[in-house]
Amino acid sequence: MTASEEFELSDAGLVRAYVITKGRGLPDDDQLSLITLLTAAPEQGQRAPRLSPEEERLLDICSAGYLSVAEIAGHTRLPLGVVRIILAGLTEGGHLVTRPPVPRARKADRAILEEVLNGLYTKFG
Amino acid sequence: MVSTPSSADGQRLAERDYVQGGEAQTAVKILVVGHFAVGKTTFIGSISEIEPLSTEETMTRAAESVDDLKGVKGKTTTTVAMDFGRLTISDRVVLYLFGTPGQLRFVQLWEDMARGALGALILVDPERLADSFAVIDLIEQYGLDYAIAVNHFDGNPQRAEAALREALDLLDDTPVVTCDARDEKSSAAALTTLVRFLLDRAS
């Protein structure tokens with residue numbers, strides 16, 4: 001078990017979070033959940049010139065396929081809140097395409113749960 | 001200049017790091033929770049198709065009840081990590097497993113994790129049953145259906161299920177399974193038990 005489960009005190013880092021996010025607030029909870037899948041939008045001719053280094057970095061990591069919001073945060077080691085804000089900005093700017101998870105509904109759940117169960121049986125016997 | 005996608009430590013992301021067939025995938029999640037050092041990360045690692053990842057929420061100590069970013073003024077921050085893995089179920093469904101310790105104060109993190117989750121697998125150490133109470137409470141607060149997986153460490157005599165049910169004050173239909181979180185098949189069997197239970201509940 002890693003020590004990361006314990007609370008730890010650390011410096012806020014060289015660049016403050018509010019600088020990276022340009023002072024924007026957190027997006028709506030439903031807009032970018034942990035498991036919303038994202039990928040870079042198809043080539044938009046040329047990339048907007050005014051992207052910050054962090055925006056470039058996140059867009060870059062999304063350019064080769066779909067990843068969840070959580071995975072993007074995990075790979076970049078940026079705090080989740082920061083990642084969600086930057087991704088929301090990039091999505092609004094048309095740089096990213098998102099696939100939100102389906103809203104909870106009993107009927108949808110059943111179909112998905114059956115699929116998960118069958119998938120687990122197939123994979124693990 | 002466009003560089004190749006890479007992670008924080010400069011390693012290039014491989015094709016397998018991305019969600020296969022992402023344009024057609026629906027993402028779902030199941031929580032794997034339990035007290036400190038009960039084996040959550042081991043469990044997730046044993047069945048995840050990717051190396052388990054970790055992400056953190058940062059909050060100022062002085063403003064824990066305030067949104068993390070709005071409060072970032074002070075010099076010290078409190079960090080809590082959550083670990084997660086991924087399992088591509090089919091060409092339509094990709095399953096994420098999220099694990100975090102049950103510390104009550106990180107409510108924002110819990111809300112992010114619990115919202116929309118199919119259910120929760122609660123890992124329990126038979127020698128430290130009392131440590132699981134807070135976690136079970138939290139899962140019940142969020143209204144999530146759950147199963148109990150007793151992580152059976154070597155040498156421990158298997159505690160009688162009836163005694164464990166009584167100690168944890170479980171409902172009769174709450175599934176209890178024994179598993180070895182280090183073993184892929186054993187972890188998968190515990191997960192299967194949970195999903196079968198969730199399916200019963202959804203009928």
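1. Chain A of this predicted model has an average pLDDT of 80, and 68% of its residues score at least 70. Within chain A, the lowest confidence falls in strand 1 (residues 8–11), with a mean of 42, and the highest in strand 3 (residues 67–68), at 96. Residues 1–12 of chain A have a pLDDT below 50, yet this stretch has 18 contacts in the model beyond near neighbours in sequence. Where pLDDT is low, the predicted coordinates should not be read in detail.

2. For chain B the mean pLDDT is 83, with 79% of the residues at 70 or more.

3. For the complex, the predictor reports an ipTM of 0.83 and a pTM of 0.83.

4. What does the secondary structure of chain B come to? It has five helices and seven strands. Along the sequence they follow the pattern β-α-β-β-β-α-β-α-β-α-β-α. Of the 203 residues in chain B, 45% are buried. Taking contacts in chain B between residues at least 6 apart in sequence, 69% join residues at least 24 apart.

5. The largest nonpolar core contains 80 residues, and L87(A), L121(B) and I122(B) have the most contacts inside it. Helix 4 (residues 80–92) of chain A gives the most to this core, contributing eight residues. With neighbours within four places in sequence left aside, L87(A) is in contact with L32(A), L38(A), L58(A), V69(A), I72(A) and L96(A).

6. Helix 2 (residues 53–61) of chain A packs against helix 3 (residues 69–76) of chain A at an angle of about 120°, and the axes are 11 Å apart. Because of that angle, helix 2 of chain A is oblique to helix 3 of chain A. The crossing of helix 2 of chain A past helix 3 of chain A is right-handed.

Key: Residues numbered from 1 in each chain as written. Chains lettered and ligands numbered in written order. Predicted model: local features only at pLDDT ≥ 70, side-chain atom pairs only at ≥ 80, totals over all residues. Core = buried A, V, L, I, M, F, W, Y, C linked by C-beta atoms within 7 Å. Buried ≥ 20, exposed ≤ 12 C-beta atoms within 10 Å, placed from the backbone. Helix = DSSP H or I, 4+ residues; strand = E, 2+ residues; numbered from the N terminus. Contact = placed C-beta atoms within 7 Å. pLDDT = per-residue confidence, 0-100. Axes fitted to C-alpha atoms, helices over the stretch in contact; angles between N-to-C directions. Parallel < 35°, antiparallel > 145°, perpendicular 65-115°, else oblique. Left-handed = near helix turned anticlockwise from the far one by under 90°.
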